[in-house]
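Here are some notes for a colleague who is opening this structure for the first time. Please keep the sequence and the model side by side while reading the points below.

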Amino acid sequence: MKLIDWIASSLRAKLLTMFIVLTCVPLIVVGLVSYQKSFDTVFRNSKAASLIVGEQLARDIDLLFEDTGKLLELGNDPRVLHFLFSQSDTYADAKDILKMMDSYSDTYSDESVLNISIINLYGRGISDRRGVFQLDRNPLRNPRFAYLTQRPDDILNIPPSQSSPLDRLDGSQYDHASVITIMTAVKQRITHEVIGFIVIDIDDAAVGRAINGRAIGETGLFYVADADGSPIFSPTSGPSGLLPDARSVIAHKDRHMIDSSRGKPKFIFAVESPRTGWNIVGYVPLQEIVKEANAIRQMIIVSVILCIVFTITLHFFISSRLIKPVQLLKNKMQLAASDYLEAKVVVTGKDEIANLSSNFNVMLEKIKGLLDQSIKEHEEMKKAELRTLQAQINPHFLYNTLDSIVWMAEAGRNRQVILLVESLSKLFRISLSKGRDWISVEKELEHVHSYLVIQQMRYRDILDYEIEVDPSLRRYDILKMTLQPIVENAIYHGIKNKRGKGLVRIVGCKTPENELLLIVEDNGAGMSREMLETLRRNLKRQQPPEETGKEVSGGFGLHNVERRIRLYYGERCGVTVESDAGVGTKVIIRIPLREEQAL
């Protein structure tokens, strides 16, 4: 988990991981495929070579038995047939047979033949070692002779482990030698009746020399097993008790397999000797015959390690050129996040990081510009609010109102005095509003109503007013002192300049676009087209009129409202003015609906 967190938190770690994965994974995959291919090829070639050695060994053993088996041709000699059929041979006949045995031995065999014996069914025989002899038992008591009587064409090859004392017809004993016995029946030429047997004893050292003279790999060996898989000849360098079981490999359809039942896996195979029916079993540790594949595997491992080292070196070289500018940019961003907007990056190069650094510098400049603009707009907003408030407490308005209260009190018009004082109190209380910028539409209407009450008492003969606002809109919030400056302009620039009684009408409704529409209209003097265009142009440019000191409310009422609406609501909101000279003026305020906020 810590490793994953480290990789996820560091760009350098991500690059290192990417380099290793993209470089080493394909190499490992290719290496594994190459190793598997080489392993299969080496194993296939080594298996073929081992089988060739086993087949050669089987041919050598077959050749040994073929050469020795030619001695069995003695059974076809007329003198031997006469000896077996007759019971009255002379010494000269026996001597001729012995000479013939020596001649056959010299011609077809070597010193591995220990003895040649011939015997008839009556126990009378002759051997190379003892000459003529007579058994004191029936030869057919030997089960092998009984078998050959039933199958006279067979040749029996009896290994030392299966030999019996009954096989030593003349009672010969062999010092320091184990004997392989070859037996076959001798048949009468015409009737093919079994009349005797030939027994040849061979020193098993001949087979041992063939087995011990062949090896597989460094420690692989051969041994000879019978048709059932039981060992009959074992190599002198390996104890027979540790020989692998040959029965499984003999029963296998391919006659070769990999055996892992005893420790390290071994390759075992069996080749049958056609002459003897025995099996030449070879076994060798699998590691030895695939040594070349293991060398390839080690080379692949070394290549992967060298590749990783090279990748890490390349990573640090590249990351020092890529990560260092990114790290510098990161540090500058942290400085900028801590309100230090002079943390600019020195741009070097023309790559993506240089472009990013340049954009970062541009972003800092824009942020500084926006902050300066915000500060300036905030100051202008405060000035506009101050001017609006000053208009509310204009000394002339206050003096005139107080004068009205005095003369009404002197005239005993107490009700009007009370109404006038209450209206003035509400006017100033709502104007302050505990310092809040937003009040409800209901409070804003109450504020402008108080102002109209005061002005109506002063200008009873020339002023009348109407307020028609949908009651459902009174719960929404509106910017404080939005309507009063507009109403003030309507009175001083419209109604007072008109002959006769004038009317100020305030209308409020909700538009289909979910906006609040407020209209202040009067039937005063109005404005000429040129004056209207000039006013509209100044409002659009946010250019207030010049101060002369003679304007009511300083002449800034309409411009202050326009400015404050744009600052608070956005540029798409504001004030629209329509006017006709001699008809009147209509001021339209369009702002978004804003739910009343809980205090």
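Predicted model: local features only at pLDDT ≥ 70, side-chain atom pairs only at ≥ 80, totals over all residues.

1. Glutamate 515 is placed in strand E16, which covers residues 515-522, and its side chain makes a polar contact with the side chain of arginine 572 at 3.0 Å. Once the neighbours within four places in sequence are left aside, the residues in contact with glutamate 515 are Cys509, Lys510, Arg572, Arg590, Ile591, Pro592 and Leu593.

2. How many of the residues of E16 are buried? Seven of the eight are, so this strand is largely enclosed by the rest of the structure. On one hand, E16 runs antiparallel to strand E15 (residues 502-510), to which seven bridges join it, and within this pairing isoleucine 506 has valine 520 of E16 as its bridge partner. On the other hand, eight bridges join E16 to strand E18 (residues 584-592), again in the antiparallel sense, and here the bridge partner of glutamate 521 is lysine 586 in E18. Strands of a sheet pair through backbone hydrogen bonds, either parallel or antiparallel.

3. The cysteines can be treated briefly. A disulfide is a covalent bond between the sulfur atoms of two cysteines, and the count for this model comes to zero disulfides. Cysteine 509, which is among the contacts of glutamate 515, counts as partly exposed at 31% relative accessibility, whereas cysteine 573 counts as buried at 4%.

4. Turning to charged pairs, the structure holds 14 salt bridges. Side chains of opposite charge can pair when their charged atoms come close. One of these bridges brings together the side chains of aspartate 153 and lysine 187, with an N to O distance of 2.6 Å. Aspartate 153 lies in the loop between helix H5 (143-150) and strand E4 (155-158), while lysine 187 lies in strand E5 (residues 179-187), so the pair ties together parts that are 34 residues apart in sequence. Aspartate 153 counts as exposed, at 61% relative accessibility, and lysine 187 counts as partly exposed, at 27%.

5. Lysine 443 and glutamate 446 meet through their side chains at 4.0 Å, N to O; they are separated by about one helical turn, because they stand three residues apart in helix H13 (residues 441-458). Lysine 443 is partly exposed at 42% relative accessibility, and glutamate 446 is partly exposed with a relative accessible area of 25%. The side chains of arginine 566 and glutamate 562 meet at 2.5 Å, N to O, and both residues lie in helix H16 (residues 557-569), four residues apart, about one turn of the helix. In this second pair, arginine 566 counts as buried at 17% relative accessibility, and glutamate 562 counts as buried at 3%. Elsewhere, salt bridges that share partners join Glu466, Glu468, Arg505 and Glu521 into one network.

6. Which order do its five strands take? The sheet is open, with antiparallel pairing, and the order is E8-E7-E11-E10-E9. Strand E8 (231-233) and strand E9 (256-259) stand at the edges with a single partner strand each, so one side of each is left without a neighbour in the sheet. With direction ignored, neighbouring strands of this sheet are turned by 35° against each other on average.

7. E9 pairs with strand E10 (residues 266-272) in the antiparallel sense over four bridges, and methionine 257 stands opposite isoleucine 268 in E10. Helix H6 (residues 205-212), in turn, lies across strand E7 (221-225) and E8, and runs at about 145° to E7.

Conventions:
Residues numbered from 1 in each chain as written. Heavy atoms only, no water. Helix = DSSP H or I, 4+ residues; strand = E, 2+ residues; numbered from the N terminus. Polar contact = N/O pair within 3.5 Å; in protein donor to acceptor, adjacent residues only side chain to side chain. Contact = heavy atoms within 4.5 Å. Buried < 20%, exposed > 50% of the residue type's maximum accessible area, 1.4 Å probe, protein only. Pairing = 2+ DSSP bridges. Axes fitted to C-alpha atoms, helices over the stretch in contact; angles between N-to-C directions. Disulfide = S-S within 2.5 Å.
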